[in-house]
Amino acid sequence: MRPSLPSLLGVFGHPDDEALLAGGVLAQHAAAGATTAVVTATWAADSHRAGELADALAILGAGKPRMLNFADHRIPESAPGRPRLCDAPMEEVVQRIVEHIRSVRPAVVVTHDAYGQLTGHPDHLRTHQATVLAVHAAGLEHRFPDAGPPWRPQALYAATHPRSGVGLLGTLMKRVGKTTLSVPDEHITAAVDVSPWLDQKERAILAHKSEAAKERPLPGILARLPATARESIIRTEYFTRLSPDATPGALPALTV
């Protein structure tokens, strides 16, 4: 039986970004029988956060962790002996992402927006830049020929936040000294109500226990909220489509 939604690959900077930004959509596509997977740019595969990531992905039905093993911009010890993501050659980062695109062969790729999400985190921004390049390079047979047969995703989306949708989240982030970078509402091309998958998304966020136990990270901010307030913040996921469709007439969508 053919899946009712397209295959989906998320490419994100840190463990927990997948649950926070696209947990509902990942669960939605997995429930429809589509292949889903997540590439995580930072933290080592043997770190405690990799274990938390594995738990979150299992909840979302998104397979096992696919980690690039670069170090977090602010936590060099997150991947001992490896460069920080922002210090690694862009060509190397792009090639690593291309390998996963060609392995998974997704119809849709989702990554961070050009701001690097609400906080403008350098790892988010670097991941966005590398993923945009990788989605294009993955379809070219003479780019990274050792990374597998070429594969061109049909669509690339950036997870983002519209100005009208920041609301309570913006207030909470300002209280812990974080910025809130958002885009004009007209930049949003898909606003997905993930209410049917809200329980999975919430459990996946809280599976990142080390972050949920802290004050400043977003999982910690959400963990301290009453359930109704938390659900109002994570109920809708927003995306901007960055690439046109590869095949006229076929438009993979991030809506039900």
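Mentor: Before we start, a definition: rings of Phe, Tyr and Trp (its six-membered ring) pair if their centres lie within 6.5 Å, with planes under 30 degrees apart counted as stacked, over 60 as edge-to-face and the rest as tilted. This is a predicted model, so local features need pLDDT of at least 70 and side-chain atom pairs pLDDT 80 or more, while totals for chains, interfaces and linings use all residues. Residues are numbered from 1 along each chain as its sequence is written, and side-chain values use heavy atoms, with hydrogens and water left out.

Trainee: How many aromatic pairs does a search of the whole structure find?

Mentor: The search turns up tyrosine 157 with phenylalanine 239, ring centres 6.5 Å apart. Across the whole structure, the count is one aromatic pair.

Trainee: Are the planes of that pair stacked or edge-to-face?

Mentor: A pair of aromatic rings is described by the distance of the centres and the angle of the planes. Here the planes of tyrosine 157 and phenylalanine 239 sit at 85°, so the pair is edge-to-face.

Trainee: How many residues apart in sequence are the parts it ties together?

Mentor: Strands here are DSSP runs of E, at least two residues, numbered from the N terminus. Tyrosine 157 lies in strand β5 (residues 155-160) and phenylalanine 239 in strand β7 (residues 236-241), so the parts tied together are 82 residues apart.

Trainee: Is tyrosine 157 buried or exposed?

Mentor: Buried means under 20% relative accessible area, exposed over 50%, partly exposed in between (1.4 Å probe, protein chains only). In the protein, 54% of the 256 residues count as buried. Phenylalanine 239 is buried, and tyrosine 157 is also buried.

Definitions and conventions. Helix = DSSP H or I, 4+ residues; strand = E, 2+ residues; numbered from the N terminus.
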